[in-house]
Amino acid sequence: MIDTHTHINTVPLLSDIDNIVSRANKNNVLHMIAVGMNKKANQQGILLSEKYPCIYAAIGLHPSDVNDEQLDIEQLEQQAKHNKVVAIGEIGIDLYWVKDNFVLQKEVFIKQIELALSVDLPVIIHSRNSANEIYDIVENYPSLRGVMHCYSENVELLDKFIDLGFYIGVGGIVTFKNAKEVIEIAKKTPLDRLLVETDAPYLAPVPYRGKTNEPAYTAYTLSKLAEIRGLTIAEMDRITTDNTVRLFTKMNIQKQTSL
Ligand code: NI
């Protein structure tokens, strides 16, 4: 299995990183992408990717960090050349926490999309109360590839993101009893567009709901996804692993035979 979206590059997971990585590997999570949000997390993700063969990094400025940090596109461009930096992210728009800086969020998002295109990397997109705004931007970039991470809004827009070529990241919410919309999304997304992720330390799947999430719990989400689609866990693992390798072309890993 591959955890395509985890924040092991920040506390609390970073403080216990050796154990986090070894528990993940013991639970058959053989690769993971440490997703950045700001300079500190980006740098830390790269350091982890240099220390652990199973860790890859994504770098970017998160929409919730644009008020605290200026976008340094030159630095991101430099870091993007690193052989284990596989994506620009997470980037996007978040109109849940802060709405009044929409113009700035949009500007930072667009600059990072253009960076991703220039360095030929996929994007990892964060969307909260902003699927329409994001769609209006990304539809202008037909060669952009990427994933709508932990996508949990607007089932109607799902088809349009799929038509643009986007992948859909499914996280622990799909295991929650009341997660009608995310279950619907997991049902409707074409099999060749599904990715599995934890977004750890957030959004732990059942039976760890409410606790600190970690990459080792990827299997709970994967097995729920398999159940929803009427497949075996091994089949769903193969499908989502193939999808991950197809999207994150720099991961360059052997096809897994886990599970
Ligand atoms: Ni995240």
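Along the chain, the donors of the nickel ion follow the spacing H-x1-H-x82-E-x108-D. In this predicted model, local features need pLDDT of at least 70 and side-chain atom pairs count only at pLDDT 80 or more, while totals for chains, interfaces and linings use all residues. Residues are numbered from 1 along each chain as its sequence is written, and side-chain values use heavy atoms, with hydrogens and water left out. The nickel ion is coordinated by His5 (NE2), His7 (NE2), Glu90 (OE) and Asp199 (OD), at 2.1 to 2.3 Å. Donors here are N, O and S atoms within 2.8 Å of the metal (3.2 Å for Na, K and Ca); water is not among the atoms, so sites may look incomplete. The angles among the four donor atoms run from 84 to 172°, and the site is irregular.

His5 lies in strand β1 (residues 2-6) and Glu90 in strand β4 (residues 85-94), so the pair ties together parts that are 85 residues apart in sequence. Strands (E, at least two residues) and helices (H or I, at least four) are DSSP runs, numbered from the N terminus. Both His5 and Glu90 are buried, that is, under 20% relative accessible area with a 1.4 Å probe and protein chains only; exposed means over 50%, and partly exposed lies in between. Glu90 also takes part in a cis peptide bond from Gly89, with omega near 5°. A cis bond joins Val206 and Pro207 as well, with omega about 10°; Pro207 is in the loop between β8 (194-196) and α8 (218-229).

Most peptide bonds are trans, and most residues other than glycine have a negative phi. Leu203, in the loop between β8 and α8, has a positive phi of about 55° and is partly exposed at 34% relative accessible area. Asn129 likewise has a positive phi of about 55°; Asn129 sits in the loop between β5 (123-128) and α5 (131-138).

Turning to the helices, Ile46 lies in α2 (residues 39-51) and is buried, with a relative accessible area of 5%. Not counting residues up to four places away in sequence, Ile46 touches Ala57, Ile59, Gln79, His82 and Val85, contact meaning heavy atoms within 4.5 Å.

Key: Tetrahedral: all angles 85-135°; square planar, octahedral: opposite > 155°, others 65-115°.
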